[in-house]
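Hi everyone, thanks for coming. Please have a look at the sequence and the model on the screen, and then I'll walk you through a few spots.

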Amino acid sequence: MASPHTDRPPPQEWYGLSTGAVARRLGVSPTTVRSWEKRYGMAPEERQEGRHRRWAPRDVAMLEDMCRLTASGVPPAEAARAARAARHGTAAAPTLRPSPGPGAARLSGPERPRAPGGVRPECRGLARAALRLDSPAVEAVLGGAVRDLGVVSAWEEVMAPALHAVGRRWGESGERYVEVEHLLSWHVSTVLRTASACGPPAVGAPPVLVACMPQEQHTLPLEVLVAGLAERALPTRMLGASVPAEALVAAVRRSGPAAVVLWSQSRCTADAVLARRVVQSGFGLKGARTAPLVLLAGPGWPTHRLPRTALHPSGLREALHALSGLYRSRPSGA
């Protein structure tokens, strides 16, 4: 005798995920998933008659491989072939390039072409990987960008545009995607600190002291600067976020830096009075006292109120140029 449940259709999960659900999981649009199916044959292995497409776990894993490979710079057609082969077990998918290890050198190979509009494919891949909360892919893209482009170009052309894109998405959707921005920021910070630690040995000279103003929490721009200075073998001391005024002045006097960089992201954290104290702070033996070059970095500083002797660089490259020139102009052994 037939079971009373025989005529009931299996639960929806038995058929797998819908195209829309898969797209949300991957951080892409349903149109993109359908485009991959049409252009590259990225279709479900099985399809129930008279029903919409349903993606089984093996199908979803194939699409995730496609996302990871394209995020690492593999052309879509090649990534699709590898992902399909991996699903069927006929060939191994290309491995993502690992992040640079200690002592890794920047490669000088040809740059990858940019997409229309000047956006690098690595930037698009990074943003998509972050939307999927795919930490391994995010780490691989960031590590490859630093290795291939160097710290400054990786920041300007890959990291910062991806962070801005994720930030815009968060701003347009309320509290959604805040976890994406946090994950991406954490990995960007990690790869920048790794680059700082793996740079060439710093020259034996007074350091660049780098700090955020009191109440200032944004440290990523300073982490990029420190990594860029490390890439140039220049010594640094990073104090981080929200450095109290007295602690900052004390650190200047104790370390005797060649330069001090003070970061302010917004007007409410810029403190011109404190900046003047740092400019006027001196150190060294009586009769031979000296003072550091002070760079007031970030969009928060009101230019009309800055100390005359302080520099206000317009961006990362200008700050690195000024600091590198300072060391080139110092006498040997100073």
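First, some housekeeping. This is a predicted model, where local features need pLDDT of at least 70 and side-chain atom pairs count only at pLDDT 80 or more, while totals for chains, interfaces and linings use all residues. Residues are numbered from 1 along each chain as its sequence is written, and side-chain values use heavy atoms, with hydrogens and water left out.

Let's go to helix α3, residues 30-40, where we find glutamate 37. Helices here are DSSP runs of H or I with at least four residues, strands are runs of E with at least two, and both are numbered from the N terminus. Is glutamate 37 buried or exposed? Its relative accessible area is 17%, so it is buried: that word means under 20%, exposed means over 50%, and partly exposed is in between, using a 1.4 Å probe and protein chains only. Beyond its neighbours within four places in sequence, glutamate 37 is in contact (heavy atoms within 4.5 Å) with Met42, Ala43, Pro44, Arg53 and Trp55.

Now, which residues of α3 are buried? They are Val33, Trp36 and Glu37. Looking down the axis of α3, these fall within an arc of 95°, so they line one face of the helix; the arc is taken from the directions from the helix axis to the C-beta atoms. Here is the background: an α-helix has 3.6 residues a turn, so residues three or four places apart point the same way. On the face turned away from the buried side, α3 carries exposed Thr31, Lys38 and Arg39. After α3 comes glycine 41, with a positive phi near 70°.

Next, arginine 132, in the loop between α6 (121-131) and α7 (135-149). It counts as buried, at 12% relative accessibility. Leaving out residues up to four places away in sequence, arginine 132 touches Arg25, Leu26, Gly27, Cys67, Arg68 and Ala137.

Cysteine 67 is buried at 3% relative accessible area, whereas cysteine 268 is exposed at 69%. The structure holds zero disulfides, meaning pairs of cysteine sulfur atoms within 2.5 Å.

Last stop: by class, the lining of the second largest pocket has seven nonpolar, seven polar and three charged residues. Ala, Val, Leu, Ile, Met, Phe, Trp, Tyr, Cys and Pro count as nonpolar, Asp, Glu, Lys and Arg as charged, and the others, Gly among them, as polar.
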